Amino acid sequence: MRCPNCGSEIPDDSDSCFICGAALVAQTEQLYSAARPNPQQQQQDAVIIKDKSPGRKFIPIIIIAAVLLVGLIVLISQGAFANKSGTYTSDQLEIAVVNYVENNDPDMAYMARQMEYTCEIVIEGKKAELIMTVAGGGQSMEAVHYTGNVVFIGNMAVFTFDGQGSMVGKYNHSAKAITLSLEDQFASQYGVNEFIFKKGGN
C-alpha cells in the first residue's frame with residue numbers, strides 16, 4: 001500500500017511510514033469509520049420508508065373512487081336516477097282509431113269521432129300498465145289493459161307486459177316523454193307511426 005501522507009510504497013501491515021514517519025493506524029480507523037454504516041441513520045431511513053409504504057396502498061383505492069364518482073355524475077346528469085313514476089298520456093289513440101275505421105268501415109267513422117279515447121302508461125317504480133279506454137253514450141270500456149314491468153336503460157324504456165312480450169320505447173329525459181313506435185303493418189293501417197306519451201298530460 002501507499003502512505004497517505006507522502007505517497008511512498010510501504011508494506012501492507014505497517015503501523016507507520018518508514019519514509020516520513022506518519023502513523024497509519026489512526027488514519028485507517030478514520031477511513032473504516034467513514035465507510036461503516038451508521039446504525040442510527042439506518043433506523044431513521046427505515047422509519048421513513050415504513051411511513052411511506054401505507055400511502056401507496058391507498059392510491060388504487062383513490063383512483064377507483066374517482067372513476068366511480070365520475071360515473072355517478074354522468075348518470076345523474078342523464079337522469080338515470082330521476083323519478084320516472086307517474087302517468088304518461090297520449091292523444092294519438094283517437095287519431096289511430098278514427099283512421100282505421102274510416103279505412104275499413106266508413107259508415108262507422110262518424111260514430112268513431114264522437115267517442116272519447118284515453119291512452120295511458122302508468123309507471124310505479126318498476127311496475128308498468130298500458131291502458132286504453134273508449135267512452136261514449138255514458139259508458140266506458142277498457143279496450144286494452146296490459147300489466148308488466150319497465151326498465152330504463154339510458155334513453156331506452158323496455159316494457160315487458162304479461163302475455164304480450166317486450167316493447168322497446170325511447171325515453172326523452174328533458175321532455176319526460178316515452179315514444180313507442182308501431183310496426184310498419186300497423187302504421188299503415190292506423191295512419192300513425194308512433195305513440196308519444198307525455199308525463200302529466202298531452
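Y171 stands opposite I178 in strand 7. This position belongs to a predicted model, in which local features need pLDDT of at least 70, side-chain atom pairs count only at pLDDT 80 or more, and totals for chains, interfaces and linings use all residues. Residues are numbered from 1 along each chain as its sequence is written, and side-chain values use heavy atoms, with hydrogens and water left out.

**Strands**

The protein chain has five helices and eight strands. Helices (H or I, at least four residues) and strands (E, at least two) are DSSP runs, numbered from the N terminus. Along the sequence, the pattern of the protein chain reads α-α-β-α-α-β-β-β-β-β-β-α-β.

Eight strands close into a barrel, in the order 1-2-3-4-5-6-7-8 and with antiparallel pairing. On average, neighbouring strands of this sheet are turned by 30° against each other, direction ignored. Such angles run from 0 to 180 degrees between N-to-C directions, and the axes are lines fitted to C-alpha atoms, for helices over the stretch in contact. Two strands pair if DSSP finds at least two bridges between them.

Strand 5 (residues 156–161) runs antiparallel to strand 6 and is joined to it by six bridges. F159 stands opposite M167 in strand 6. These two strands form a hairpin with three residues between them, and G163 in the turn has a positive phi of about 75°.

Strand 6 (residues 165–172) is also joined to strand 7 (residues 177–181), by three bridges, and the two run antiparallel. Their hairpin has four residues between the strands, and K176 takes a positive phi near 50° there. N172 lies in strand 6, and its bridge partner in strand 7 is A177. The C-alpha atoms of N172 and M156 are separated by 8.6 Å, with the two residues 16 apart along the chain.

**Exposure**

Buried means under 20% relative accessible area, exposed over 50%, and partly exposed in between (1.4 Å probe, protein chains only). Of the 202 residues of the protein chain, 24% count as buried. The table lists some partly exposed residues.

| Residue | Relative accessible area |
|---|---|
| V151 | 44% |
| R113 | 42% |
| N172 | 36% |
| E102 | 32% |

V151 is placed in strand 4 (residues 139–153). Together with I153, M156 and V168, V151 makes a nonpolar surface patch of about 340 Å². Patches are made of residues with over 30% relative accessible area and no salt bridge; like charges are joined within 9 Å, and nonpolar side chains (Val, Leu, Ile, Met, Phe, Trp, Tyr) within 5 Å. Accessible areas come from the Shrake-Rupley method with a 1.4 Å probe, and for residues only the protein chains shown count as cover.

The 13 residues of helix 3 (residues 92–104) should span 18 Å at 1.5 Å a residue, and the end C-alpha atoms are 18 Å apart, which agrees. The expected span is 1.5 Å times one less than the number of residues in the helix. In helix 3, Q92, L93, A96, V98 and V101 are buried.

A salt bridge is a side-chain nitrogen of Lys or Arg within 4 Å of a carboxyl oxygen of Asp or Glu. By this rule the count comes to one. The side chains of R113 and E102 meet in a salt bridge at 3.0 Å, N to O. This pair links distant parts of the chain, with R113 in helix 4 (residues 109–114) and E102 in helix 3, eleven residues apart.
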